[in-house]
Amino acid sequence: MEAVQPQSRAEHEVVDIVSRLIQFDTSNTGELATTKGEAECARWVQAQLEEVGYETEYLESGAPGRGNVFARLKGAESGRGALLIHGHLDVVPAEPSDWSVHPFSGAVRDGYVWGRGAVDMKDMVGMTLAVARQFKAEGIVPPRDLVFAFLADEEAGGAYGSHWLVEHRPDLFEGVTEAVGEVGGFSMTVPDKEGGTQRLYLISTAEKGLYWMRLTAKGQAGHGSFLNGDNAVTILSEAVAKLGRHVFPLVITDTVAQFLRTVSEVTGLDLDPDAPDLEGRIAKLGDFSRSLNATLRDTANPTMLKAGYKANVIPQTAEAVVDCRILPGRRAAFEKEVDEIIGPDVERSAVADLGAYETAYDGALVEAMNAALLAHDPEARPTPYMLSGGTDAKAFDALGIRCFGYAPLKLPADLNFAALFHGVDERVPVDSLVFGTRVFTDFLLRS
């Protein structure tokens with residue numbers, strides 16, 4: 001991939017900003033006592049914004065240390081709705097001994113910025129901060145108000161970040177009609193029908209719902225040497241095994257159907273939803289196929305088990321946690337299917353419950369996204385897709401804000417980008433950051 005030379009102030013700053021953001025250990029364990037670093041990082045972001053003249057608001061949402069920062073840049077057209085640009089500052093934990101570099105070093109080497117958060121999502125946070133600083137410092141007035149939000153706690157569901165803010169401080173989102181956030185706008189290189197390649201740029205217009213489900217079985221406690229036909233561990237284990245092996249039905253949403261049509265047109269692969277072995281055909285697309293296949297059906301993956309306190313004591317209760325991801329429009333059918341699988345002796349309850357989201361791939365904002373990509377990569381082929389995971393967009397949907405994933409990155413064809421999310425040796429190409437900053441600047445001026 002041809003090297004991208006920085007041109008603007010934002011393009012010159014972005015690599016250093018991303019590196020510095022990574023150096024803040026903002027690991028989110030999901031527990032208040034052990035989650036750290038968000039406030040320090042948020043205060044640093046606040047200082048970078050105020051240095052160029054922004055008025056900012058720093059607030060801690062629901063618990064000490066869960067720092068969030070907001071700033072608004074006035075646009076030229078006062079009658080238009082504002083655009084929210086949001087990014088989270090927290091990251092999942094990382095074990096340094098597993099990495100080639102320290103995960104919080106922010107090392108810049110071999111053409112990459114390395115570290116936890118490099119792609120999830122301090123790359124977009126850095127691009128956003130760099131562009132926001134340039135606009136203010138150079139007196140650039142965008143066509144509409146821009147609201148910049150740097151948020152806590154996304155990696156644990158946003159209870160101390162986006163969801164708390166939507167519930168307790170809706171005034172921060174006054175006038176916002178649309179939003180852009182993470183996990184979209186990146187390139188995916190696929191073979192084309194002529195024997196060459198084509199860069200698709202995946203723009204997120206949908207997300208599966210997140211339902212972390214606790215399963216509980218109760219039985220008869222007793223001595224481990226006795227016969228026991230009512231063992232909670234056995235009851236739970238059988239239900240978890242059945243659920244973990246279950247294959248939910250194939251369901252093609254509008255977003256996924258559009259994506260499959262685009263890929264079929266470009267590659268010549270027959271990805272018709274009615275074609276036999278659709279998932280096998282998708283597997284021919286390479287590394288990204290695992291993420292794509294996860295958007296064809298609901299999933300329920302057991303992730304945690306808990307039972308007992310001594311080897312010779314049969315416990316009265318056994319528990320499991322299952323990570324469920326549910327397609328738009330499938331919630332009632334999913335729950336019915338789960339209940340039939342686990343049976344009447346296992347109770348289920350919610351650990352976290354965030355709905356699915358889907359919007360149409362149309363309108364002026366989509367046109368601006370596409371135009372900005374094509375202006376800087378004429379070979380781009382933008383297309384909508386569904387994210388198998390979730391983002392803070394789930395919270396903003398409650399305010400009627402139309403949300404998209406758009407953090408543009410032109411990636412090397414051989415980079416397994418999907419594997420870097422929450423992975424070891426997470427890293428983002430320097431050239432991709434410079435390119436993304438250029439496209440993002442262009443997009444905001446068209447938005």
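**Exercise 1. In which helix does Glu-13 lie? Determine also its burial and its contacts.**

The model is predicted, with local features requiring pLDDT of at least 70 and side-chain atom pairs counted only at pLDDT 80 or more, whereas totals for chains, interfaces and linings use all residues. Residues are numbered from 1 along each chain as its sequence is written, and side-chain values use heavy atoms, with hydrogens and water left out.

Step 1. Glu-13 belongs to helix H1, residues 9–23; helices (H or I, at least four residues) and strands (E, at least two) are DSSP runs numbered from the N terminus.

Step 2. The relative accessible area of Glu-13 is 18%. The residue is therefore buried (buried means under 20% relative accessible area, exposed over 50%, partly exposed in between, with a 1.4 Å probe and protein chains only).

Step 3. Leaving aside residues up to four places away in sequence, Glu-13 touches Ala-130 and Arg-133 (contact means heavy atoms within 4.5 Å).

**Exercise 2. Describe the packing of H2 on H3.**

Step 1. Helix H2 (residues 38–51) packs on H3 at an angle of about 20°, and the axes are 9 Å apart. Axes are lines fitted to C-alpha atoms, for helices over the stretch in contact, and angles run from 0 to 180 degrees between N-to-C directions.

Step 2. H2 is thus roughly parallel to H3 (angles under 35 degrees count as roughly parallel, over 145 as roughly antiparallel, 65 to 115 as roughly perpendicular and the rest as oblique).

Step 3. H2 contributes Trp-44, Val-45, Gln-48, Leu-49 and Glu-51 to the contact, and H3 contributes Leu-129, Ala-132 and Arg-133.

Step 4. By class, these residues are five nonpolar, one polar and two charged. Here Ala, Val, Leu, Ile, Met, Phe, Trp, Tyr, Cys and Pro count as nonpolar, Asp, Glu, Lys and Arg as charged, and the others, Gly among them, as polar.

**Exercise 3. Characterise the crossing of H10 and H13.**

Step 1. The axes of H10 (residues 364–376) and H13 (residues 430–446) come within 8 Å and cross at roughly 140°.

Step 2. This angle makes H10 oblique to H13.

Step 3. The crossing of H10 and H13 is right-handed (a crossing is left-handed if the near helix is turned anticlockwise from the far one by less than a right angle, and right-handed if clockwise).

Step 4. The H10 residues in contact include Leu-365, Met-369 and His-376, and those of H13 include Phe-435, Arg-438 and Asp-442. The contact of H10 with H13 comprises ten nonpolar, one polar and three charged residues.

**Exercise 4. In what order do the four strands of the open sheet stand, and which helices pack on them?**

Step 1. The order is S12-S14-S10-S15, with antiparallel pairing (two strands pair if DSSP finds at least two bridges between them).

Step 2. S12 (299–307) and S15 (346–354) are the edge strands, each with a single partner strand, so one side of each has no neighbour in the sheet. The twist from one strand to the next averages 20°.

Step 3. Eight bridges link S10 (residues 209–218) to S15 in the antiparallel sense, and Trp-212 stands opposite Ala-352 in S15.

Step 4. Helix H5 (residues 232–245) lies across S10, S12, S14 (317–326) and S15, and runs at about 150° to S10. Helix H9 (residues 331–342) also packs on the sheet, touching S10, S12, S14 and S15, with its direction at about 150° to that of S15.

**Exercise 5. Examine the backbone at Met-121, Asp-153 and His-422.**

Step 1. The peptide bond between Asp-120 and Met-121 is cis, with omega about -10°. Met-121 lies in the loop between S5 (112–114) and H3 (122–137).

Step 2. Asp-153 is not a glycine, yet its phi is positive, about 70°. Asp-153 lies in the loop between S6 (146–151) and H4, and counts as buried at 2% relative accessibility.

Step 3. His-422, likewise not a glycine, has a positive phi of about 65°. The loop that holds His-422 lies between H12 (417–420) and S19 (427–429). At 43% relative accessibility, His-422 counts as partly exposed.
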